[in-house]
Every structure is written in structure tokens, then in C-alpha cells.
Amino acid sequence: MGGYGDVQMIDENGVRADGRGPGDIRPITIETGVVPVADGSCRMTWGTNEAIVAVYGPMEAHPRKIQRQDRAVLDVAYNMAPFSTTDRMRPGFNRRSREVSKVTQDALESVVLLELYPRSKIRVSIEIVSAEAGTRCVGLTAASVALADAGIPMTDLVVSVASGKINDVVVCDLNKEEDNYGEADLPMGIMPNSGELVFLQMDGDLSQDEFKQAWKYNMDAAQEIHKLMVEALNGGDSQ
Amino acid sequence: MNGGPVARLDNMTEKKGAAGPQGNKRGENLVVPGDDLGDSEGFEAGHGVLVMSGRLKALKQGKLREKGKSISIEPIHTRYIPRPGDLVIGFIEGCTNNLWFIELGAPFNAILPMSLGPGKVDFGGTRSVMDIGDAVLCRVQEVEETHSSVVTMKGMGLRKIRSGVVEEIDPHLLGRIIGKGGETLRRMKAETQCRIVVADNGRMWIDGELDGILDVRNRLSAISRDSRGGRN
């Protein structure tokens with residue numbers, strides 16, 4: 001049973017339309033220090049997705065009423081550029097971008113040691129320059145790299161990856177067609193050192209076994225991506 | 001795109017076991033948040049390090065430093081956070097009848113009370129002594145838990161800056177400007193015939209002939225350009 005129409009996206013040998021195997025992820029590049037005025041920044045490309053994240057702070061939180069006396073507040077803004085998709089995105093926030101900002105903020109709040117900076121604010125701006133599928137994963141992963149680049153204390157980085165189901169096969173890192181015509185999508189935010197989760201969503205249905213398989217794909221991909229994040233952070237800019 | 005630090009996963013399976021610090025190796029290496037730094041037994045967690053269930057864990061990205069029993073991380077890129085005793089250059093951002101608010105480039109403005117100000121100041125006369133926008137060389141007296149800090153101008157050489165220029169540079173580049181034992185800085189002072197005061201918050205006061213000041217500026221921008229791998 002195909003989900004939406006009967007689009008064949010994976011053949012009997014387990015090769016997907018773009019030539020990947022079920023557990024393969026799209027090519028990734030990560031670069032730090034791309035916004036010179038920011039305290040920390042990151043550009044991440046993932047397949048044809050591209051995100052630029054800038055982090056400012058810690059700084060005094062304004063207006064005063066948003067200040068917390070015992071911790072810092074995180075201000076995460078996810079935005080897609082009008083030119084990031086084939087049909088023009090209307091500029092400004094919308095229901096979807098608010099939701100993604102919220103889940104990204106919640107995920108980052110569980111790794112950043114906010115209690116070290118009472119009354120302050122840390123601003124994280126995620127800008128999606130080019131969107132294919134899985135922009136929330138790119139945004140969250142890049143945001144954690146940018147926060148580390150800004151020297152903000154965190155208990156771990158966050159790697160976010162999605163797995164899903166197409167033509168009844170569980171595959172890792174869906175591309176646009178697979179996301180649109182597939183049956184399920186399971187994005188996860190993973191702390192790569194401990195394997196703990198900071199973010200989990202599911203679209204569509206997965207059986208228990210399929211869920212476990214998607215989980216495993218995500219965990220394995222997270223380790224692979226974590227290596228690139230470490231390399232991007234430690235590779236450049238050092239003295 | 002031009003020569004920045006780029007990590008690349010080219011065809012999905014390459015680069016297994018790519019570079020990155022090995023968790024247990026202690027020395028002058030770079031770590032990222034979440035890195036395991038080994039057993040906490042017999043060690044003290046310093047700046048940027050946390051003990052979690054018997055293991056040392058990195059909280060920041062930077063260089064690992066081991067001093068005796070204490071393990072700490074010196075961040076490569078970070079906002080200035082005041083510490084008591086720091087020599088700082090601030091700008092006056094506001095005043096009340098009996099105190100000034102000083103901007104240090106830190107998350108919060110510092111307070112300079114009249115009693116710690118320069119010389120004798122009458123109540124209500126703060127603004128006639130140092131006005132908004134003036135630069136001052138001062139020292140951090142105390143820092144509260146909530147990060148609000150008090151600075152003082154009582155001390156040798158602490159004063160309002162009346163001549164020369166104030167330049168700003170990333171705090172993590174200070175080490176490079178000063179050099180081993182202050183050698184690089186001494187050479188820069190001699191060659192440019194300028195007085196240079198390097199403050200801990202990444203600001204420098206340069207005083208001298210115009211040519212000398214311009215020369216110092218060029219050298220500083222060369223250092224900061226260099227640190228970004230030739231970009232900008």
C-alpha cells in the first residue's frame with residue numbers, strides 16, 4: 001500500500017530514487033564563524049537544505065518582564081527565507097515557524113546551562129536559506145553548533161535527524177519526495193554522547209518494529225553527524 | 001565559502017573515525033560540549049567543566065587546560081564575563097545623582113559608585129565629572145552572583161581617558177597581542193612609539209602620535225583577520 005498515491009520511491013533492492021540505501025543520509029557540510037558580528041554562528045548544508053544560525057549573548061534581557069531571576073531565557077526564532085522554496089514563502093512568522101521555534105527552543109533548553117546566566121537572554125536566529133525536507137533537523141543541529149561556537153556552556157551538542165517510511169520500508173533521512181509521498185516521518189533530537197533524547201515528533205504511523213528500526217537509523221546517523229560537528233568546531237578558527 | 005573551517009561528509013560513508021579529540025587524552029587539545037574528559041577521581045572541575053556521575057564533562061568549546069589537579073577549558077570564542085580584579089575599559093552609558101553605569105561589553109552594565117569615582121565628586125555632580133559616552137579605565141571590584149558588577153577608579157593609573165583612541169578586539173585574541181611574557185606588545189609599543197593599555201575585556205587604549213595610532217590599528221586588524229583564516 002502506498003500512502004499518498006502510488007509513487008514508487010524505493011526498488012526491490014532497497015535503492016532509493018536518489019541512489020541512497022535505506023540507512024544512508026544526504027551529504028552534509030558544516031562551517032562555523034560565518035557571521036562575523038555574531039558571538040557564534042554556523043552554516044550547515046544537508047542535501048539541498050541550507051541553514052544559517054547566529055547566536056548573540058548572553059546579554060541583558062529586555063523587556064525586564066521577560067527576565068528570570070534564576071536563569072537565562074533562550075529566544076529562538078526559526079524563519080524560512082521567501083526564496084527558500086519553489087513557491088515563494090510569505091515573509092514573517094507563521095503557524096509552522098512558531099511551532100518549529102518552540103520545539104527547537106525546548107530541545108536547546110535541555111542542554112544549555114541557563115542557570116549560569118540569571119537575568120540574561122541568549123538569542124538564537126535560525127534562517128533557512130534553502131529548504132528541501134527536514135529543515136527543523138538542520139536548524140536544531142546547526143543551532144547547537146552555533147551555541148558551542150559562541151562559548152555557551154552546554155552539557156552536550158544536539159544532533160537532529162529524521163527517519164521515516166516509504167513504500168512500507170523504513171529509511172533514514174527523507175528527501176522531499178519521500179517526505180511528501182511517504183507514510184511516516186520521525187524526527188529526533190539526540191544528545192550524541194549519552195544517547196538521550198531532547199526532541200521527538202512523529203508524523204503518520206509506524207508499527208513497533210518499524211519505530212525501533214527508525215530509532216536505530218537515527219541513532220547511527222547521529223553519531224556520524226556528531227563527528228562532522230566536532231570537526232567543524234575544532235577544525236578552523238583555533239589559535 | 002572561502003577558506004573557512006568546513007567539515008564535509010562527501011559520500012555518506014567516507015570519513016569514518018574522522019578527527020576530533022579522543023575523550024581520555026588530556027593535554028593541549030580542543031574539546032566540544034559533551035566530550036567525556038575521563039574519570040573525575042582525583043581531579044577538580046575548573047571553568048567549563050562539570051562532574052556528572054563520576055565523569056568529567058566538557059561544557060564549552062575550547063582548549064583543555066590542566067593545572068595540577070584542576071581541569072578547565074579556555075573558550076576560544078566567548079562574551080566577556082567580568083571577574084574581580086580585571087582591568088577594563090568601559091564607556092559611560094548613564095548616570096544618576098550618585099553613580100555611573102558603565103558599559104563593559106559584558107551581558108550587564110557595571111556600576112561605578114560616586115565613592116569609588118575619580119577624586120571628590122559632589123552629590124548630583126556626577127555628570128559634570130564624567131558624562132555619557134566618556135571612556136574610563138577602571139578595575140572590577142566585585143561581581144555578584146546575578147552578574148551585576150561594581151567597578152572602581154581608585155587605584156594606580158585608573159582614570160578617565162581623555163586622549164588617544166579605544167580599539168575593540170575579540171577577547172580571545174588578547175593572548176596573541178600580548179605574546180609570550182608580553183614580548184609582542186612590548187615590541188609593538190617600541191616600534192609605533194605609542195602607549196598601549198590592554199584591558200581584559202578586549203578593549204585597548206592607544207595613545208601617541210597619529211601615525212603611530214594608525215600603525216597599531218593596522219597591526220590589530222591584521223591579527224584579527226589572521227585569526228579568521230584570512231576572511232573579512
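Residues are numbered from 1 along each chain as its sequence is written, while chains are lettered from A and ligands numbered from 1 in the order in which they are written. This is a predicted model, so local features need pLDDT of at least 70, side-chain atom pairs count only at pLDDT 80 or more, and totals for chains, interfaces and linings use all residues.

Strand β2(B) is joined to strand β7 (residues 62-67) of chain B by 2 bridges, and the two run antiparallel. Strands here are DSSP runs of E with at least two residues, helices are runs of H or I with at least four, and both are numbered from the N terminus. Two strands count as paired if DSSP finds at least two bridges between them. The β2-β7 pair belongs to an open sheet of 4 strands in chain B, with the order β2-β7-β8-β4 and mixed pairing. Its edge strands, each pairing on one side only, are β2 (30-31) and β4 (44-45) of chain B.

Chain B is assigned domain 1 (30-75), domain 2 (87-161) and domain 3 (165-227); such bounds come from an automatic or database domain assignment. Between the C-alpha centres of domain 1 of chain B and domain 2 of chain B there are 35 Å.

How many of the residues of strand β8 (residues 184-191) of chain A are buried? The count is 8 of the 8, so the strand is largely enclosed by the rest of the structure. Buried means that 20 or more other C-beta atoms lie within 10 Å of the residue's own, exposed means 12 or fewer, and partly exposed is in between, with C-beta atoms placed from the backbone.

In a regular strand the side chains alternate between the two faces of the sheet. From β8(A), A:Ala184, A:Leu186, A:Met188 and A:Ile190 point one way, A:Asp185, A:Pro187, A:Gly189 and A:Met191 point the other way, and all are buried.

| Partner strand in chain A | Residues | Bridges to β8(A) |
|---|---|---|
| β6 | 159-166 | 7 bridges |
| β9 | 196-200 | 4 bridges |
| β10 | 203-204 | 2 bridges |

A:Val161 stands opposite A:Met188 in β8(A), A:Gly189 faces A:Phe199 in β9(A), and A:Asp185 has A:Asp203 in β10(A) as its bridge partner. The hairpin of β8(A) and β9(A) has 4 residues between the strands, and in it A:Gly195 takes a positive phi near 75°.

Elsewhere in chain A, strand β1 (residues 28-32) is mostly covered, with 4 of its 5 residues buried. It is joined to strand β2 (residues 40-46) of chain A by 5 bridges in an antiparallel arrangement, and A:Thr32 stands opposite A:Cys42 there.

## Nonpolar cores

In soluble globular proteins, nonpolar side chains tend to be buried together. A nonpolar core here is a set of buried Ala, Val, Leu, Ile, Met, Phe, Trp, Tyr and Cys residues joined through C-beta atoms within 7 Å. The largest one has 82 residues, and those with the most contacts inside it include A:Val53, A:Leu108, A:Val124 and A:Leu147. Helix α4 (residues 208-235) of chain A gives the most to this core, with 10 residues.

Leaving out residues up to four places away in sequence, A:Leu147 touches A:Gly40, A:Val55, A:Leu108, A:Val112, A:Val124, A:Ile152 and A:Met154; a contact requires C-beta atoms, placed from the backbone, within 7 Å. A second, separate core of 27 residues includes B:Ile102, B:Val140, B:Val151 and B:Cys194.

Helix α1 (residues 95-109) of chain A holds A:Asp106. Is A:Asp106 buried or partly exposed? A:Asp106 is partly exposed, because 14 other C-beta atoms lie within 10 Å. Within α1(A), the buried residues include A:Val100, A:Val103 and A:Leu108. Their cover includes β4 (73-80), β5 (120-130), α2 (135-149), β8 and β9 of chain A.

In helix α4 (residues 210-227) of chain B, the buried residues are B:Gly212, B:Val216 and B:Ser227. They cover an arc of only 50° around the axis, which puts them on the same side of α4(B); the arc is that of the directions from the helix axis to the C-beta atoms. They pack against α3 (183-192), β16 (194-198) and β17 (203-208) of chain B. On the other side of α4(B), the exposed residues are B:Leu210, B:Asp211, B:Asn218, B:Ala222 and B:Arg225.

Conventions
Contact = placed C-beta atoms within 7 Å.
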